[in-house]
Amino acid sequence: METGEKPFRCELCVKTFSRNDTLARHKRSHTQEKPFKCMFCEKVFSHSSDLTRHELSHAGKKPFQCMFCANAFGQSDNLTIHKRRHTGEKPFQCMLCEKAFSRSSHLTTHKRSHIGDKPFKCMVCEKTFSRSSHLTAHKRSHTGDKPFKCMVCEKVFSRSTILITHKKRSHSGEKPFICRFCEKGFSQSSDLTRHEISHTGDKPFKCMVCEKAFSQSSTLTRHKISHTGEKPFTCRFCKKAFSQPSDLTRHNKSHTGDKPFKCMVCEKAFSQSSHLTSHKNSHTGEKPFNCIFCEKAFSDSSHLTKHK
């Protein structure tokens, strides 16, 4: 018999439940645990009910047909949600700001913007997020994982939104962001902001430990790790840890053998852009690295180091 009592409390977000198994399912929203695996495609889910619905997609059964278009669905609730695209119906309304949504899950996420609730915690650095998708994307900052690949240039990205922006701007040639100092155009506003600092020399981001200043917040963030000794970026192959994501990216290539930087003259390929730059000097004869003692010049900085 239902008493309304909720004795089972989540220690991560203080939410309470009437049943222990409901609490167990809820906890997976924090841990991102997905113990239910599809036998057909090995996709994993946090709830058995989600797995059951997913497996219908393999059976090919879509008995629920939209009356407005040709789309069909394996589940009636998916059809109900889809219909709202045609009708514009938004039945889920926020009681605080009266904003309306077509899905209850969207309303739940929106409510967190009012109360500041961030129930999704990173197990590596303990940073919290209001959306599970934001936590998933954040985790890649620790692993270096970049699952979204551009089919045009094969460049990879950690977020689908960055890939979409990349394709729109890099391959279309569109450069709508213009520098007010030199009128150079950029495909992204963030690139323009960084560029304009080269004109102003502004370094607004200061380290609170040593007072060193930087032109970009991301550079300051990377610098701070030099004080803490923290190594949050872990190799997914050998678990070696690094303080900078760029170091992890370079290290990963030692496992994958990836050599994306190719010489246009002889087609020799390199794992790092700096190695390609040094190699190009062998074609041009350029020797930009000078010894301060004897003025002998070298095409590669490593050769100068050996010479010293």
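Visitor: Which helix gives the most to the lining of the second largest pocket?

Guide: The general idea comes first: rolling a probe the size of a water molecule over the atoms shows where empty space is left. In this model, which is predicted, helix H4 makes the greatest contribution to the lining of the second largest pocket, with seven residues.

Visitor: Which other elements supply at least two residues of that lining, and what volume does the second largest pocket have?

Guide: The volume is about 1,500 Å³. Besides H4 (104-115), at least two lining residues each come from helix H1 (20-31), strand S4 (44-45), helix H2 (48-59) and helix H3 (76-87). The lining of the second largest pocket has 42 residues, and those nearest its centre are Ser-46, His-47, Asp-50, Ser-105 and Ser-132. By class, the lining residues are ten nonpolar, 17 polar and 15 charged.

Visitor: Where is Ser-46 found, and is Ser-46 buried or exposed?

Guide: Ser-46 occupies the loop between S4 and H2. Its relative accessibility is 19%, and because buried means under 20%, Ser-46 counts as buried. Beyond its neighbours within four places in sequence, Ser-46 contacts Arg-28, Glu-33, Lys-34, Pro-35 and Phe-36.

Visitor: Which residues make up the largest nonpolar core?

Guide: Five residues form the largest nonpolar core: Ile-225, Phe-233, Cys-235, Phe-242 and Leu-248. Leu-248 may be taken as an example of the contacts involved. With residues up to four places away in sequence set aside, Leu-248 touches His-142, Thr-143, Gly-144, Phe-233, Thr-234, Cys-235 and Phe-242.

Visitor: How many salt bridges does the structure hold?

Guide: Side chains of opposite charge can pair when their charged atoms come close. The structure holds seven salt bridges. In one of them, the side chains of Asp-21 and Arg-19 meet at 2.8 Å, N to O. Asp-21 is partly exposed at 33% relative accessible area, and Arg-19 is likewise partly exposed, at 46%. A network of salt bridges links Arg-19, Asp-21 and Arg-25.

Visitor: Which residue forms a salt bridge with Asp-191, and where do the two lie?

Guide: The partner of Asp-191 is Arg-194, with the closest N and O atoms 2.4 Å apart. Both residues lie in helix H7 (residues 189-200), three residues apart, about one turn of the helix. Asp-191 is partly exposed, with 23% relative accessible area, and Arg-194 is partly exposed at 38%.

Visitor: With which residue does Arg-112 meet in a salt bridge, and is Arg-112 buried or exposed?

Guide: Arg-112 meets Asp-117, the N to O distance being 4.0 Å. Arg-112 counts as buried at 15% relative accessibility, whereas Asp-117 is partly exposed at 29%.

Visitor: Where is Pro-119 found, and which residues does Pro-119 touch?

Guide: Pro-119 is in the loop between H4 and strand S9 (120-121). Pro-119 is buried, with a relative accessible area of 12%. Apart from residues up to four places away in sequence, Pro-119 touches Cys-13, His-30, Arg-112, Phe-129 and Ser-130. For His-30, 89 residues away from Pro-119 along the chain, the C-alpha atoms of the two are separated by 6.6 Å.

Visitor: What is phi of Glu-98, and is Glu-98 buried or exposed?

Guide: Glu-98 has a phi near 70 degrees, a positive value in a residue other than glycine. Glu-98 sits in the loop between strand S7 (92-93) and strand S8 (100-101). With a relative accessible area of 61%, Glu-98 is exposed.

Visitor: What phi does Glu-267 have, and where is Glu-267 found?

Guide: Glu-267 has a positive phi of about 65 degrees, although Glu-267 is not a glycine. Glu-267 belongs to the loop between strand S19 (261-262) and strand S20 (269-270). Glu-267 is exposed, with a relative accessible area of 58%.

Note on methods. Residues numbered from 1 in each chain as written. Predicted model: local features only at pLDDT ≥ 70, side-chain atom pairs only at ≥ 80, totals over all residues. Heavy atoms only, no water. Core = buried A, V, L, I, M, F, W, Y, C linked by side-chain atoms within 4.5 Å. Buried < 20%, exposed > 50% of the residue type's maximum accessible area, 1.4 Å probe, protein only. Contact = heavy atoms within 4.5 Å. 1 Å grid on protein atoms, 1.4 Å probe; cavity = no way out; pocket = protein on both sides within 12 Å on 5 of 7 lines; lining within 4 Å. Points joined across faces, edges and corners; volume = space filled by probe spheres on them. Helix = DSSP H or I, 4+ residues; strand = E, 2+ residues; numbered from the N terminus. Nonpolar A, V, L, I, M, F, W, Y, C, P; charged D, E, K, R; others polar.
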